[in-house]
Amino acid sequence: MASLHELADGGALFWSQGEGKQTFRLIVLRSGDDVFGYVNRCAHFGVPLAEKVEQLIFKPSQSLSCNVHYARYGWRDGSCQDGECDGEGLLLVPLEARDDAVVISAPQ
Ligand code: FES
């Protein structure tokens, strides 16, 4: 999926698989050795938070925001912190770093 060294501490990258409407879009965030994954889909209107990682609004290791109406979500749990997402959140995809590889975590 991604390499940990590709992702700066406090940084974000986008990862996608598939094409067109079938594309699975994931936002990968890093804080130290911890990685967090969220489906790139705002809880408000179901659109991507941003189309490109360069457009993603975030405070490193704190929060990320949708660039449509600026709903703000927590970095570590994707929960709504402010804006048009009250009581909702981003869809979490559990990730972990194994050596240098970022992979989807197996259920525990
Ligand atoms: S679509 Fe994301 S805050 Fe409205």
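Is Arg98 buried, exposed or partly exposed? With a relative accessible area of 45%, Arg98 is partly exposed, where buried means under 20% relative accessible area, exposed over 50% and partly exposed in between (1.4 Å probe, protein chains only). The model is predicted, so local features need pLDDT of at least 70 and side-chain atom pairs count only at pLDDT 80 or more, while totals for chains, interfaces and linings use all residues. Residues are numbered from 1 along each chain as its sequence is written, and side-chain values use heavy atoms, with hydrogens and water left out.

A nonpolar core is a set of buried Ala, Val, Leu, Ile, Met, Phe, Trp, Tyr and Cys residues joined through side-chain atoms within 4.5 Å. The largest such core has 18 residues, and those with the most contacts inside it are Leu29, Leu49, Leu56, Leu64 and Tyr73. Two or more residues are given to this core by strand 3 (24–31) and by strand 4 (34–39); strands (E, at least two residues) and helices (H or I, at least four) are DSSP runs, numbered from the N terminus. A second, separate core of 11 residues includes Val35, Val39, Val93 and Val102. In soluble globular proteins, nonpolar side chains tend to be buried together.

The surroundings of Leu64 can be followed in the structure above. Contact means heavy atoms within 4.5 Å. With neighbours within four places in sequence left aside, the residues in contact with Leu64 include Ile27, Leu29, Leu49, Leu56, Tyr73, Trp75 and Leu90.

Charged side chains come next. A salt bridge places a side-chain nitrogen of Lys or Arg within 4 Å of a carboxyl oxygen of Asp or Glu, and by this rule the count comes to 3. Glu51 and Arg25 form one of them, at 3.7 Å from N to O. This pair links distant parts of the chain, as Glu51 sits in the loop between strand 4 and strand 5 (57–59) and Arg25 in strand 3, 26 residues apart. Glu51 is exposed, at 53% relative accessible area, whereas Arg25 is partly exposed, at 33%.

Another salt bridge joins the side chains of Arg76 and Asp34 (3.4 Å, N to O). Arg76 lies in the loop between strand 7 (72–74) and strand 8 (80–82) and Asp34 in strand 4, so the pair ties together parts that are 42 residues apart in sequence. Both partners are partly exposed, Arg76 at 48% and Asp34 at 37%.

Aromatic rings complete the picture. Rings of Phe, Tyr and Trp (its six-membered ring) pair if their centres lie within 6.5 Å; planes under 30 degrees apart count as stacked, over 60 as edge-to-face and the rest as tilted. The count comes to 2 aromatic pairs. The centres of the Trp15 and Phe24 rings are 6.3 Å apart and their planes are at 75 degrees, so this pair is edge-to-face. For Phe58 and Trp75, the centres are 5.8 Å apart and the planes at 45 degrees, so this pair is tilted. Phe58 belongs to strand 5 and Trp75 to the loop between strand 7 and strand 8, 17 residues apart. Phe58 is partly exposed at 29% relative accessibility, while Trp75 is buried at 1%.
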